[in-house]
Amino acid sequence: MTALRSTRDLGLQPGYEGKVRDMFDLGDRFLIVTTDRISAFDVIMNDLVPDRGTVLNVMSLAWMNRFADLIPNHMITADPQEFPEPFSGHARLLGGRSVLVKKAERFPVECIVRGYLAGSGWKSYQKDRTVCGHELPAGLRLADQLPEPIFTPSTKEDEGHDENIPYETVVELIGPEHAATLRDISLRLYREGAAHALAHGVILADTKFEFGIIDGQVTLIDEILTPDSSRFWPADRHHPGQEPPSWDKQILRNHLETLDWDHEPPPPELPAEILERTALRYTEVLNILFPDESENWRQYL
Ligand SMILES: Nc1ncnc2c1ncn2[C@@H]1O[C@H](COP(=O)(O)OP(=O)(O)O)[C@@H](O)[C@H]1O
Ligand SMILES: [Mg+2]
């Protein structure tokens, strides 16, 4: 399938262009198109990773469908024939990477759940044995499983970097009832997602959810349990004390680290081999996690 850089290349005018998604504001709905752009160190690369947008989109939808009995989600349809004009006219190029969703009143919180020690959690643990205010046992190593998954929220900033916040700040921001709901459902979704992943030989180390209010109900929005919002590790290569390989931009980041590039635009040109290997990582983890649903998404790759 042709890689997509921007919906502008189809003659469309997105209202918002994120690092990965183009969004069209349709009043009480959004059309969200996941492109094949990829960023590293917060800089969007000039090169595309073919099928990446489709993998992110179909994986997120597969999880949302799986959890539909647990929590409502924002999805209206992923069938491009059912999109309004002019989008239905681009069904072939938008299919697989696009969803029509209900617009939510977004909670200004990123609901992060960590089941293993990695990334900023590992850094924080090494300093004072806590992660976002959770005290943890002594002697844990990088990539060790935590005694219990922990809820470690952060702010959702429109500009700049998100900031970790204690649970009490979530209560101040959105009230005690919504705070408890978001925490409990995030932990529940993490556990369910981690169990499904592990049954397929994959560790879900940590992940991030976003929620909003739609029709008065707390609703799952954005993307869920994708390699962009989560750390997935192959279980058979999990050796605490070492950084496990992960199904994300690691190949790209490792390549960029070998260059003399200051992580400021413009980005360097990427070798075809790095782009191909990165693309393979994304389709690989989708294949591993959702082999049974493959008839739903294989048509788009
Ligand atoms: N149903 C929805 N209602 C309102 N906002 C949404 C909904 N689904 C996703 N979003 C928002 O749309 C944006 C998706 O674009 P993305 O490129 O992922 O941006 P970001 O750089 O913020 O991650 C996110 O800001 C997300 O919070
Ligand atoms: Mg996003």
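Asp222 sits in the loop between β15 and β16, the latter covering residues 230–234. The model that shows this residue is a predicted one. Although Asp222 is not a glycine, its phi is positive, at about 65°. Is Asp222 buried or exposed? Asp222 counts as buried because 21 other C-beta atoms lie within 10 Å, and the cut-off for a buried residue is 20 or more.

Strand β15 itself spans residues 217–221 and contains Thr219. Thr219 is also buried, because 20 other C-beta atoms lie within 10 Å. Which residues does Thr219 touch, once its neighbours within four places in sequence are left aside? The contacts of Thr219 are Pro72, Asn73, His74, Ala104, Phe211, Gly212, Ile213 and Ile214.

A second residue with a positive phi is found in another loop. Phe41 lies between β4 (39–40) and β5 (43–44). Its phi is about 55°, although Phe41 is not a glycine. Phe41 is classed as partly exposed because 14 other C-beta atoms lie within 10 Å, a count that falls between the limit of 12 or fewer for exposed residues and that of 20 or more for buried ones.

The next topic is the division into domains. The protein chain has a domain 1, residues 1–103, and a domain 2, residues 106–237. The C-alpha centres of these two domains are 24 Å apart. In the contact between them, domain 1 supplies 13 residues and domain 2 supplies 15. Which element gives the largest share of the side of domain 1 that touches domain 2? That element is α1, with five residues. By class, this side of domain 1 has nine nonpolar residues, three polar ones and one charged one.

Helix α1, residues 52–66, also packs with helix α7, residues 272–289. Their axes are 9 Å apart and meet at an angle of about 20°. The two helices are therefore roughly parallel, since angles under 35 degrees are counted that way. The crossing of α1 past α7 is left-handed. On the α1 side the contact is made by Arg52, Val55, Val58 and Met59, and on the α7 side by Ala279, Tyr282, Thr283 and Leu286. This contact of α1 with α7 is made up of six nonpolar residues, one polar and one charged.

Helix α7 has another partner in helix α6, which covers residues 250–257. Here the angle is about 155° and the axes are 8 Å apart. Helix α6 is therefore roughly antiparallel to α7, because angles over 145 degrees fall in that class. Ile251, Leu252 and His255 of α6 meet Ile274, Arg277, Thr278 and Arg281 of α7. The contact of α6 with α7 contains three nonpolar, two polar and two charged residues.

The loop between α6 and α7 holds Pro266. What kind of peptide bond joins Pro265 and Pro266? The bond is cis, with an omega of about 0°. Another cis peptide bond, with omega about 5°, joins Glu85 and Pro86. Pro86 is placed in the loop between β6 (75–77) and α2 (91–94).

Notes. Residues numbered from 1 in each chain as written. Chains lettered and ligands numbered in written order. Predicted model: local features only at pLDDT ≥ 70, side-chain atom pairs only at ≥ 80, totals over all residues. Axes fitted to C-alpha atoms, helices over the stretch in contact; angles between N-to-C directions. Helix = DSSP H or I, 4+ residues; strand = E, 2+ residues; numbered from the N terminus. Parallel < 35°, antiparallel > 145°, perpendicular 65-115°, else oblique. Left-handed = near helix turned anticlockwise from the far one by under 90°. Contact = placed C-beta atoms within 7 Å. Nonpolar A, V, L, I, M, F, W, Y, C, P; charged D, E, K, R; others polar. Domains from an automatic or database assignment.
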